[in-house]
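Colleague: Hi! I'm new to reading structures. Could you walk me through this one?

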Amino acid sequence: MAPRKNTAAIATYGDHEVIMPENKLRGAILVKTAEGELDDPIARAEQALADLSGQFGSWMDTECERLDKARQEIAATGITKTTKDGLFHAAHDIKGQAATFGYPAMAAAADSLCRLIEFTPNNQRIPLKLVDQHVDAVRAIYREYTRSDAVELAALLTRRLREVTDEFLMRENQNRPDILEQLRGPSLVPE
């Protein structure tokens, strides 16, 4: 079998160049079918995702409703393990799905809410007003996503929520040095 040709490329754009390295992994996963054709499972997965993309807005709308419902359950019954877990999982799912569904600016606000829930040592001290602000922010970012300045507004809103949340969490965890160290670390969600 002849060695594969190197497909690395350099594209020049005015004052900079973009180097596109050879994608050796794509060739490693190509499979020959019984008919002798090459099957590319990654291309099929990308096509399946593209086919589903028309539903992403509807799915994110459902996720936002789920988050709001979780908030309403807490307001009605208080913070229990069940209601807290419901709110956390709703926020966590939005954080994880935001980029895939085409709303990456929502992830940081959902992440901030997850941090608030996860790192507050006493559930009864989770400030419900701050929970409301996070849920409202996530829903507003989704609702206004078509605005030309939506990403910048989401970043400003999320930054402020994160500051208030971190200030609260630092105070609540002042005697827990291991948690303080985690809180001081950078967010894993890109801004």
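Modeller: Happy to! Let's start with helix H2, residues 41-52. At 1.5 Å a residue, its 12 residues should span 16 Å, and the end C-alpha atoms are 16 Å apart, so the two agree. Keep in mind that this is a predicted model.

Colleague: Nice. And which residue caps the N-terminal end of H2?

Modeller: That's Asp 40. One of its side-chain oxygens lies 3.1 Å from the backbone nitrogen of Ile 42.

Colleague: Changing topic: how many disulfides does a search of the whole structure find?

Modeller: The search finds 0. A disulfide is a covalent bond between the sulfur atoms of two cysteines.

Colleague: Got it. What about strands E1 and E2, in which sense do they pair?

Modeller: Antiparallel, over 5 bridges. E1 covers residues 9-13 and E2 covers residues 16-20.

Colleague: Which residue in E2 does Ala 11 stand opposite?

Modeller: Val 18.

Colleague: And what sits between the strands of that hairpin?

Modeller: There are 2 residues between them, and in this hairpin Gly 14 takes a positive phi near 50°.

How values were computed: Residues numbered from 1 in each chain as written. Predicted model: local features only at pLDDT ≥ 70, side-chain atom pairs only at ≥ 80, totals over all residues. Heavy atoms only, no water. Helix = DSSP H or I, 4+ residues; strand = E, 2+ residues; numbered from the N terminus. Expected span 1.5 Å × (residues − 1). Polar contact = N/O pair within 3.5 Å; in protein donor to acceptor, adjacent residues only side chain to side chain. Disulfide = S-S within 2.5 Å. Pairing = 2+ DSSP bridges.
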